[in-house]
Amino acid sequence: MAVVVDASAIAAIAFGEPEGPTLTAHLTGETLLTPTLFDYELANIAWKKARAHPEMAPAIQAASAREP
């Protein structure tokens with residue numbers, strides 16, 4: 001089944017947020033569709049997280065650079 005996901009859902013998975021494992025379970029095996037601006041939205045989330053938590057910036061950058 002095709003599922004449209006937004007950047008906040010994928011960010012929760014990529015950045016290890018508490019709801020990440022639940023989202024992973026729901027999305028595993030699905031065909032994921034993303035909005036046109038998805039990459040920009042995800043980069044904006046990463047930027048905001050890095051600004052709010054500078055000590056986590058290297059981990060945030062590494063999570064952002066991972067291939068799916």
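Me: Which residues does Ala 7 touch, not counting residues up to four places away in sequence?

Reply: In this predicted model, Ala 7 touches Phe 38, Glu 41, Leu 42 and Ile 45, once residues up to four places away in sequence are set aside. Ala 7 has its place in helix α1, and the C-alpha atoms of Ala 7 and Phe 38 are separated by 5.8 Å although the two residues are 31 apart along the chain.

Me: Is Ala 7 buried or exposed?

Reply: Ala 7 is buried, since its relative accessible area is 3%, and the cut-off for that class is under 20%.

Me: How should I read the packing of α1 and α3, and at what angle do their axes cross?

Reply: Two packed helices are described by two quantities, the angle between their axes and the distance between those axes. For α1 and α3, the axes come within 9 Å and cross at roughly 50°, which makes α1 oblique to α3. The crossing in which α1 passes α3 is right-handed. On the side of α1 the contact is made by Ala 7, Ser 8, Ile 10 and Ala 11, and on the side of α3 by Phe 38, Glu 41, Leu 42 and Ile 45; by class, these residues divide into 6 nonpolar, 1 polar and 1 charged.

Me: At what angle do α3 and α4 pack, and how far apart are their axes?

Reply: Helix α3, residues 38–52, and helix α4, residues 57–65, pack at an angle of about 165° with their axes 9 Å apart. That angle makes α3 roughly antiparallel to α4, because angles over 145 degrees are put in that class. The crossing of α3 and α4 is right-handed. In this pair, Ala 46, Lys 49 and Ala 50 of α3 meet Ala 57, Ile 60 and Ser 64 of α4, and the contact has 4 nonpolar, 1 polar and 1 charged residues.

Me: Which side chain meets that of Lys 49 in a salt bridge?

Reply: Side chains of opposite charge can pair when their charged atoms come close. Here the partner is Glu 17, whose side chain meets that of Lys 49 in a salt bridge with an N to O distance of 2.6 Å. Lys 49 lies in helix α3 and Glu 17 in the loop between α1 (7–14) and α2 (20–27), so the pair ties together parts that are 32 residues apart in sequence. The count for the model comes to 1 salt bridge.

Me: What is the relative accessible area of Lys 49?

Reply: The relative accessible area of Lys 49 is 23%, so Lys 49 is partly exposed.

Note on methods
Residues numbered from 1 in each chain as written. Predicted model: local features only at pLDDT ≥ 70, side-chain atom pairs only at ≥ 80, totals over all residues. Heavy atoms only, no water. Axes fitted to C-alpha atoms, helices over the stretch in contact; angles between N-to-C directions. Helix = DSSP H or I, 4+ residues; strand = E, 2+ residues; numbered from the N terminus. Parallel < 35°, antiparallel > 145°, perpendicular 65-115°, else oblique. Left-handed = near helix turned anticlockwise from the far one by under 90°. Contact = heavy atoms within 4.5 Å. Nonpolar A, V, L, I, M, F, W, Y, C, P; charged D, E, K, R; others polar. Salt bridge = Lys/Arg side-chain N within 4 Å of Asp/Glu carboxyl O. Buried < 20%, exposed > 50% of the residue type's maximum accessible area, 1.4 Å probe, protein only.
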